Amino acid sequence: MRTESRSPILDSVDIKHRIALWVLVTIGIEAALYYADWWFEPQHRRNLVFFALLSLAIFYGVYRSVVNWFYFLFIKGTPHIDAPAELSVDVFVTAMPGEPYDMFEKTLTAIAAVRYPHQSYLLDGGNDPQLIALCRRLGIHHLDCRNIKGAKAGKVNYALTQSTGEFVMVIDPDHIPEPQFLDRVLGHFGDPRVGFVQVVQGYYNQSESLVARAGAEQTYGFYGPSMMGMNGLGTTVAIGANCTFRRAAIESIGGHAVDLAEDLLTSVRLHAKGWKSVYVPERLSFGLNPADLHSYFKQQLKWSTGMFVVFFRDYFRHARTMTWNQRLHYFFAGTYYFDGLTTAITCVLPILFLYFGLWAVEMELGEFLLHVTPYALLTFVVGWFVQRWYRHPSEKGFLWRGMVLKKGTWPIFLLGLMYCVSRTKVPYLPTPKTAEKGVFTHLVIPHLAVIVFSASAIAYSLLSSDRFEVGTQLMIFFAVCNIVLMTPMVFIAHGNWFRRAAVEPVTDVSAEERPRATGRREEALS
Amino acid sequence: MKRPVKIAFLVAYCVLLLVLFKGIKAFEGWARQAYYSYVTRQMVASASKVPPDKCLLGIYKPELPYSFDPLTWLEDSLGSRFTLVSFYQAWGSLPEHQFQPRLMDEVVAHGRVPVLTWEPWVTGFTDARLKPLSQREHRYLKDIADGAYDFYIRDWARAAVTWGKPFFLRFAHEMTNSQYPWSPVNDNRPEDYIRAWWHVRGLFDTLGARNVIWVWCPYTAGSLAYYPGDKFVDWVAMDVFNYGDLQAENSGDVRWASFDRRASSIYQELSSLRKPIMVAEVGSTDMGGSRPVWYREMLTQVAANYPSIKALVIFDDPADRTSGRWLIDWSIEGSPEVMAEISAGCRDNHFVHIPDYGTILSKPRR
């Protein structure tokens, strides 16, 4: 499962593919322009406020596509550099009370088996005697972190004072590194300006549930073409786990950032300090994705709130000392979760129109489809084309699960924005480590509301025929799209209804056997 | 890359994007135009029952429809046949103002379809219920719309429905030509015209008229304010005359002007209605240019650039007084050169004669 052979495209990108990509992206931009040029024609505007809102929502999506395309244009592989001998390396793993012992046994065994000589540290927030014994058996330093504030980053900073290695690799407890991990990474620190090196995070629980599969699908593009594009732009970001830092770099920014989005903030600070980063697009460790909707939403709430906070609080301060590419990149990243707000707008406006005649736009459905189709087609074509840079053949295909889950997480992203704006303190949520097997109706109340209100609004407009004006068909079309997009979430939330018979006999056992993933922020940036 | 190179590249790429976009918009415009004209062609062909890229020929001759001998002679010389036969009738109280089934039968018997221009003159009525002559013409389209002339229209319509065969009815043509009393010269307004049209057509429709093909014929471009609406009009029409030097004395307009020059702007407007277009009167004088060339050019231009024109009615009047001051000779028989050009032009397979056109028209319409 986890043996990874090097693929030749890591080292260089075929010029044919690069030209094809430029051509496709150029056509895509033309298609987006064609769509926008038509959308903003004055005769389409009705109520100016609603028009502005709907345009914002629609063209936010276009903006995200163009941002993705922008990254793809700069896709760059990373030729391997052999790791020099006798570098001093520390490996940090954090443990929180309540996390399953099994998981640590697997992870720590794998860390001990990493070939390049290194010192490993378990940063134990619970000072668990079982873990102490495990560490002693595997030759891993055990640090008692019971009194350390600041969750993971706090422990990492404490561990930095207790260790001396020139390089520090931070890995999450659910992640199992490959033996060659450090050999593939350390050579890139030969450039003294390189502050950190990030690698791909793979997952091994895709088959556990639809949510786990969908979550993994969301990362395929990110760790493939998107991060490779960032690599080309010099904006590779640190993801909470599997990142190897230069101690001098971390110390130059006063230690690992302590924040909800601590990995992102650490990247921002390191880049603002002038450190470079390298992406090694190799699957060198494999972890877990949240496997149920509740855990997934918790993870996404943490990421989205954290991302907004970093964007509004830190971005503009640090952008001054960044390169242009980095300024752009962190702007793109910081605006990623506005998707929640824009999806909410596109869900609500058709309902308002169909019930109350509050027009945002008046367009013929046929004309709309004519102008949106080239753009929609090109997003798919480009998305398909860049699959050649996905990290593993098994990742390719039509990744509808990831898209559906992403679209369906809009209430969480919106909540994250509201938390950020209202400065509500979100605790660093300890993501549950035990499987939640409930039926999550309460999590999809917004989705159900959209479905019910959209459907009734459609029925209402169809039954009151005098309201059938030119733009009505378009609004019905939008409402139908929203219903189609939201319905899968309802099924996902009630997945256990359909699987109850299979699940019940083994409930207790499997609950212990399944470790949960803690959060990472990867697809947030795609 | 150095920074200036990057900036230059960025600028060049943006320029490329813009140029491409302009190209795409131009292509879109072309494609839309092509699609629009395709659809128009199909609609026009289906509404007129004349195949796409074909045009019927028609003729106005003062002898018609009383005598068909001159027509036979003309057709034999030209080597083409005229499907439509045009003649005129005024409103009034005399027997000649009534619907004339015998004349209509004559046209049909010769295998032609009548194009009847029905002119709402109102001074020819002797009915006592009407306003006195001195006031009768003031804004009288409103009176028509209000039913003052129903006594006449109903009789006429009933006779037309009883007769029952399809014919073109060009009612109240050239509604802005000040020589006609139904023009604004009597303070008639566009809304009066439209209401009068609706009213008259309504009387026919009430009687169940299915054989009447309604032809709306404005005088100049810019007359869409008088258009009664798609539901009330079957064909639209235009009259195209080249007065040559006489034109200058009339209006100070250009003197000699080709068909294209006279027709293109009104055609643009009419073709946007996606109705079949009839050139209900067409002719040229010889004052100031070459008549044969004018007719030749007209036929090639119609065939090439006027796909919505589905009927071309040649105005073949040797002694036209309607322009007021002069007696104008529009006739084509007098000039062998003109006859030769028309003969050659009509042999273009764009211009056709449909011998059973009347039968085709009498099949139920959509």
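Chains A and B meet through 4 residues from chain A and 4 residues from chain B, a contact being two C-beta atoms, placed from the backbone, within 7 Å. On the chain A side, that's 3 nonpolar residues, no polar ones and 1 charged (Ala, Val, Leu, Ile, Met, Phe, Trp, Tyr, Cys and Pro count as nonpolar; Asp, Glu, Lys and Arg as charged; the others, Gly among them, as polar). The model is predicted, with local features needing pLDDT of at least 70 and side-chain atom pairs pLDDT 80 or more, while totals for chains, interfaces and linings use all residues. Residues are numbered from 1 along each chain as its sequence is written, and chains are lettered from A in the order in which they are written.

Chain A holds 19 helices and 8 strands, taken as DSSP runs (H or I, at least four residues; E, at least two) numbered from the N terminus. Of its 526 residues, 50% count as buried, meaning 20 or more other C-beta atoms lie within 10 Å of a residue's own.

Helix α7 of chain A covers residues 210-233. Because 23 of its 24 residues are buried, α7(A) is largely enclosed by the rest of the structure. There's a bend of about 35 degrees at A:Tyr223, with A:Pro225 following within four residues; the angle is between axes fitted to the seven residues ending there and the seven starting there. After the helix comes A:Gly234, with a positive phi near 75 degrees.

As for nonpolar cores (buried Ala, Val, Leu, Ile, Met, Phe, Trp, Tyr and Cys joined through C-beta atoms within 7 Å), the largest has 152 residues, and A:Phe92 is among those touching the most other members.

Terms used: The expected span of a helix is 1.5 Å times one less than its number of residues. A residue is buried if 20 or more other C-beta atoms lie within 10 Å of its own, exposed if 12 or fewer, and partly exposed in between; C-beta atoms are placed from the backbone.
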